[in-house]
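Please consult the sequence and the coordinates while reading the points below.

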Amino acid sequence: MVKAVVLGASGGIGQPLSLLLKLSPLVDELALYDVVGSVGVATDLSHISTKAVVKGYLPADDGLKLALTGADVVVIPAGIPRKPGMTRDDLFSINAGIVRDLITGVAKYSPKAFIAIISNPVNSTVPIAAEVLKSHGVFDPARLFGVTTLDTVRSETFTAHVLGKSPTEFTIPVIGGHSGETIVPLLSLASPAVSVEGEQRDALIKRIQFGGDEVVQAKEGKGSATLSMAHAGFRFVDSILKAVSGTAGIVENTFVYLPGVEGGEAVKKITGVDYFALPVELGSSGAIKVVNVLEKVSDFEKTLLPAAYTGLSANISKGVEFVVSSAAK
Ligand SMILES: NC(=O)C1=CN([C@@H]2O[C@H](COP(=O)(O)OP(=O)(O)OC[C@H]3O[C@@H](n4cnc5c(N)ncnc54)[C@H](O)[C@@H]3O)[C@@H](O)[C@H]2O)C=CC1
Ligand SMILES: O=C([O-])CC(=O)C(=O)O
């Protein structure tokens, strides 16, 4: 019996992500939690003739506790999205507290669940989650993931557009973090190999790094990527569920705590940061090992990495300090 929980289920991402989870043959029970609207979303989805039993929860009457109890996987798209002109870091002041409080619930009611964090800024919200879990003595680095799958999805799509190929053909490592220059697509390690050089390569990399801005601008103040993110979030959760149910060899790019995952210390020595996105092999216990693609990056890609390390280092420290200072209050 697999129970999946969506925290922030009534939102722009939460609703289509919940729909995709309701359609999954791997989900038996789906708990939808939000501060508004989740009972309506759950009732709507419950009419779909697939096996998952759906229930909606609100904060009243221990809703968070009931939603999380027995969870196998918890996906978190709760929090405010960007408007044009904002950076993801501008969301920190509101979303940091939301993630801290929701993860406190996870620590108390479903400490063994796999946790997939979508809420931005991911570079900071994942360290926040880790610190909260640590403070409750239940942090398992193999089970905490920052969802960077949309960067992977964009890499596949935009690269395929440039080359006139099908996006489903490509596997591309996307490393670093989830904002602007911290997103580093490794086109030199694409499979099948892609040949893009010079201005075309630079434009492709920029488009992948700033793909989120493209959607924010096109939505003209009405939010950021929701449907492509729901797809990406579902792809990631589906990979976890498949790995947990015994499918071997599944690899996804995701943002993890390096010292806690096999192979992570070697990557930390190069990057100097504790959290980093890179291809991670998934198994029944979650993140089994990281794939050290840093050993193989091209000379050009090496020039992109210092900016990613600097940006990440600041974002990670900000997340850690937020939890330390909220605990002191
Ligand atoms: N990791 C990634 O690649 C991406 C991340 N995002 C991020 O995902 C987040 C959500 O985006 P949208 O769904 O578009 O926003 P939205 O505003 O449409 O939905 C957010 C939902 O969170 C709920 N919420 C707020 N506080 C909550 C709490 N304490 N507990 C439970 N639910 C709560 C709201 O009621 C709302 O239903 C944003 O932070 C956005 O930046 C968006 C796209 C891609
Ligand atoms: O750009 C945003 O704010 C939302 C996001 O993370 C993305 O689309 O990659």
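This is a predicted model: local features need pLDDT of at least 70, side-chain atom pairs count only at pLDDT 80 or more; totals for chains, interfaces and linings use all residues.

Residues are numbered from 1 along each chain as its sequence is written, and chains are lettered from A and ligands numbered from 1 in the order in which they are written.

**Ligand shell**
- Ligand 1 is surrounded by 33 residues (C-beta atom, placed from the backbone, within 6 Å), and the closest are Gly8, Gly11, Gly12, Ile13 and Asn120.
- Helix H4 (residues 92-109) supplies the largest share of this shell, 3 residues; helices are DSSP runs of H or I of at least four residues, and strands are E runs of at least two, numbered from the N terminus.

**Strand S4**
- In strand S4 (residues 73-76), Val73 and Val75 on one side and Val74 and Ile76 on the other are all buried (20 or more other C-beta atoms within 10 Å of its own; exposed means 12 or fewer, partly exposed in between; C-beta atoms are placed from the backbone).
- Strand S1 (residues 3-7) runs parallel to S4 and is joined to it by 3 bridges, with Val6 partnering Val75.
- Strand S5 (residues 114-117) pairs with S4 in the parallel sense over 4 bridges (pairing requires at least two DSSP bridges), and Val74 stands opposite Ile115.

**Helix H7**
- Leu204, Ile205, Ile208 and Gln209 of H7 are buried.
- Seen down the axis of H7, the buried residues fall within an arc of 135°, so they line one face of the helix; the arc is taken over directions from the helix axis to the C-beta atoms.
- Glu199, Gln200 and Asp202, on the other side of H7, are exposed.
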